[in-house]
Amino acid sequence: MDYPKRLENVYVETLGDELCLYDWTGQKMHALNPTAALVWQQCDGQSTPAEIAARLQPKIEANHAEELVQYTLKQLSQAHLLAEPETPPVLTQRNLTRRELLKMAGMSLALLPVVKSIELPTALQACSANCTFSYFVNEIDQGKSCNEQCTENLITTRGELLCSADLINDDTVCRCTTVLLDPTADVCWGSDPNSNPFPAAQGRKNAR
Amino acid sequence: MSFSAYGTHFGIRVTDPTVLERVQQHLPWGWEPAASSQVDFMYSLVAAGASKRQGTRPYHLLYAGSGRIARTHNFDELCARLASHLELVTAFLAKNCLFVHAGVVGWQGKAIMIPGRSFSGKTSLVTALIKRGATYYSDEFAILDSQGWVRPYPSPLSVRDGDDLNAKKYAAEELGGQVGVEPLPVGLVVITDYQPEAQWRPRALSPAQAMLALMNNTIAALRGPEVSIPILKQVVLKAKTIKSKRGEAEEIVPLLQKLVSAPHR
């Protein structure tokens, strides 16, 4: 990575010395500590890691700023926060480990870059509601178990099937309930995409 | 009928007007009747009538838009499905506020917010705080306004008994608590999971880490950053955020109450 370039299609929020990045395309959110934030902001696609290190030297006060920048670029690249090429930066013969960097640079732990990421949750993942889909098998075949009959009449395989024999108005029926594992499944919200209120995020231009 | 909840307009049309009274009991918290027939989201409920053919029993059907979301002989089950769907759509599309999956109580003019997924132990911690004098705000959602203050969403607490997955509903008053009325600023965000025998070792989270933890429980996270981030920013910059596993809820309640009362930074 000769000229690292930060990802463009992200929403950037500054929180003191830290950054939060909302990645539309990857549907992820990232938290960058001050060191990672400084390096990421300097990745303009026109500066080498050495140039970035030279610019950051007064701010980070590390003896081995270039190694620190290389290590940070590796973290950012692994979190897919840098544009192509995606190969990790290589300046020395091999990539430094966190421990080696601490030992070599004699820097404090607080100066190490930290990039934390989460996948943005869907509405159902973020709340308690299960998406369940129930149906009944009314014409019981006495030779088969309820589970077998529910399986034969399966509506979707994208969930966990729970079966039980119920007595409804003096009739025995099999109650088959599928707890859907994929909360965005069409069967949950109906086959009409317009009825699904939880569309996946669309890629957008940089918001800030 | 048409109604609105948190800025979204809903319509429900039914084939049998006599079921409307039962349906109304399942509308989301804070709903208000709407005069306009223009709606953002339409439900259609086909109530099962008398069978026209011998040996068959018609189903109750529920549609959201044109998609069928329930087909059942059990009307209560259909209402539960409607309630669940309505609550989720309300939370996702809410205007001028943000729904975060969290338990919330008030203590000395500030809110303690406990975000977390199901089975993380939110309700048991909220219940323990209420029993120690905290005011009940919510067991399900923290409703954050544009200033980052929490509004009450005092639906009954869903308390699970031991390993029983079916929760029983309790009003806060039944647990000896009072329900909050006024919006409160968030004083403390507690990221915690229940683990038997776990030691309480809280560590402070930075604002960016706190933002990540809150976003992980935000219902409308995928609607885009401009919906959620400005509101969550108000919270993480003004409130303390701590993270730790916990054992029994009663053990940490006094510590949380002390922490939320202490000055921030």
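Which residue stands opposite A:Tyr22 in strand 3 of chain A? A:Met29 does.

1. This is a predicted model, in which local features need pLDDT of at least 70 and side-chain atom pairs count only at pLDDT 80 or more, while totals for chains, interfaces and linings use all residues. Residues are numbered from 1 along each chain as its sequence is written, chains are lettered from A and ligands numbered from 1 in the order in which they are written, and side-chain values use heavy atoms, with hydrogens and water left out.

2. Chain A holds an open sheet of 4 strands in the order 1-2-3-4, with antiparallel pairing. Strands are DSSP runs of E with at least two residues, helices runs of H or I with at least four, both numbered from the N terminus; two strands pair if DSSP finds at least two bridges between them. Strand 1 (10-15) and strand 4 (115-119) of chain A are the edge strands. Strand 2 (residues 18-23) and strand 3 (residues 28-32) of chain A are joined by 5 bridges.

3. Helix 1 of chain A lies across strand 1, strand 2, strand 3 and strand 4 of chain A. Helix 4 (residues 207-215) of chain B also lies across strand 1, strand 2, strand 3 and strand 4 of chain A. Contact here means heavy atoms within 4.5 Å.

4. The structure holds 0 disulfides over all chains, a disulfide being a pair of cysteine sulfur atoms within 2.5 Å. A:Cys20 is buried, at 0% relative accessible area, and B:Cys79 is buried at 1%; buried means under 20%, exposed over 50% and partly exposed in between (1.4 Å probe, protein chains only).

Terms used. Axes are lines fitted to C-alpha atoms, for helices over the stretch in contact, and angles run from 0 to 180 degrees between N-to-C directions.
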